[in-house]
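Trainee: I would like to learn how to read a few features of a model. Please show me the structure to begin.

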Amino acid sequence: MNNKKSVAQDILSCIQKDIISGEIAEGEVITERMLEQRYGVSRTPIKEALKQLSLEGWVEITPRSETRVTKFGIEELKETLPIRTALEKIAVTLCMQRMTDKKREAFQQLLNEFEALNLCTTKSNEELLLEYNSLDNRFHNMIYTYSDSKMLLDFNTRLRSMLKRTYHRIPLDYNRIHTGMDELIHVLRAVLSYDIVMAEANITKHVINSIDQKIKVLEKRAEN
C-alpha cells in the first residue's frame with residue numbers, strides 16, 4: 001500500500017513539473033492512457049494522482065468527463081490575494097490565541113534565525129535565496145500548524161499547491177528577499193508580543209507585496 005502511494009505521489013510530482021514547465025499545456029485535455037504511456041506506469045497510481053490534482057485545483061473534470069489542465073495565470077493569481085490574506089490573518093490570530101510555551105519557543109527561534117540572516121553580509125545571493133525560502137516556508141507552515149485548525153490547514157495546503165504553479169516559474173527578486181524578511185520579522189515580533197493588530201497588518205503587507213511582485217513579472221512577460 002505504501003509503495004502504491006509512493007508511486008502515485010511520484011507521478012503527481014511529475015505531472016505538476018510538466019505543467020509548470022509547459023510540457024503539459026494549460027487547457028490541455030489529458031487522459032489516463034496518455035499519462036500511462038508518458039510515465040511508463042500503470043493506471044492505478046495515475047488515477048490516484050489525478051484525483052489529488054483535481055482536489056488541489058490543477059485539473060478539472062469537464063461536462064464531457066474529460067480531464068483538463070486548469071489555467072493559472074495573472075487573473076487567477078490576483079483572485080488568490082484576498083483569500084490568502086484572510087487565511088494568513090486568521091492563522092496568526094489563532095496562533096496568538098492558542099499560544100503555548102513550546103510554540104512560543106519555536107517562534108522565537110525562527111525570529112532569531114530571520115534576524116541573523118537579515119544582518120548577514122557574507123552569503124552569496126544564491127545562498128541568501130535558499131535560506132530565505134527555507135525560513136519563509138517554515139514560517140507559513142508554523143502559523144497554520146500552530147493555529148490548531150485542521151480546516152484552515154487544509155485550505156492553505158490547496159492554495160499553496162495552486163500557487164506553486166506560478167512561484168516555480170518566477171525567480172524571486174533579490175531585493176524582495178530583504179523586504180520579505182523585514183515583513184516577517186515584524187510579524188513574528190507582533191505574534192510574540194500578542195499584538196494582533198500589528199501581526200495582521202504586517203502579514204497582510206507581506207502577502208500583498210509577495211503576490212504583487214509576481215503579478216508584475218507575469219504582466220511584463222505578457223507584454224513581451
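Trainee: In what order do the 3 strands of the open sheet stand?

Mentor: This is a predicted model, in which local features need pLDDT of at least 70 and side-chain atom pairs pLDDT 80 or more, while totals for chains, interfaces and linings use all residues. Residues are numbered from 1 along each chain as its sequence is written, and side-chain values use heavy atoms, without hydrogens and water. Helices (H or I, at least four residues) and strands (E, at least two) are DSSP runs numbered from the N terminus, and two strands pair if DSSP finds at least two bridges between them. Here the order is β1-β3-β2, with antiparallel pairing. β1 (29-30) and β2 (59-61) are at the edges, each with a single partner strand, so one side of each lacks a neighbour in the sheet.

Trainee: How many bridges join β2 and β3?

Mentor: β2 pairs with β3 (residues 67-69) over 3 bridges. Within this pairing, Ile-61 is opposite Thr-67.

Trainee: Is Asp-18 buried or exposed?

Mentor: Buried means under 20% relative accessible area, exposed over 50%, and partly exposed in between (1.4 Å probe, protein chains only). Asp-18, in helix α1 (residues 2-21), has 12% and is buried.

Trainee: How many aromatic pairs does a search of the whole structure find?

Mentor: Rings of Phe, Tyr and Trp (its six-membered ring) pair if their centres lie within 6.5 Å; planes under 30 degrees apart are stacked, over 60 edge-to-face, the rest tilted. The search finds 1 pair. The ring centres of Phe-107 and Tyr-146 are 5.5 Å apart and the planes at 80 degrees, so the pair is edge-to-face.
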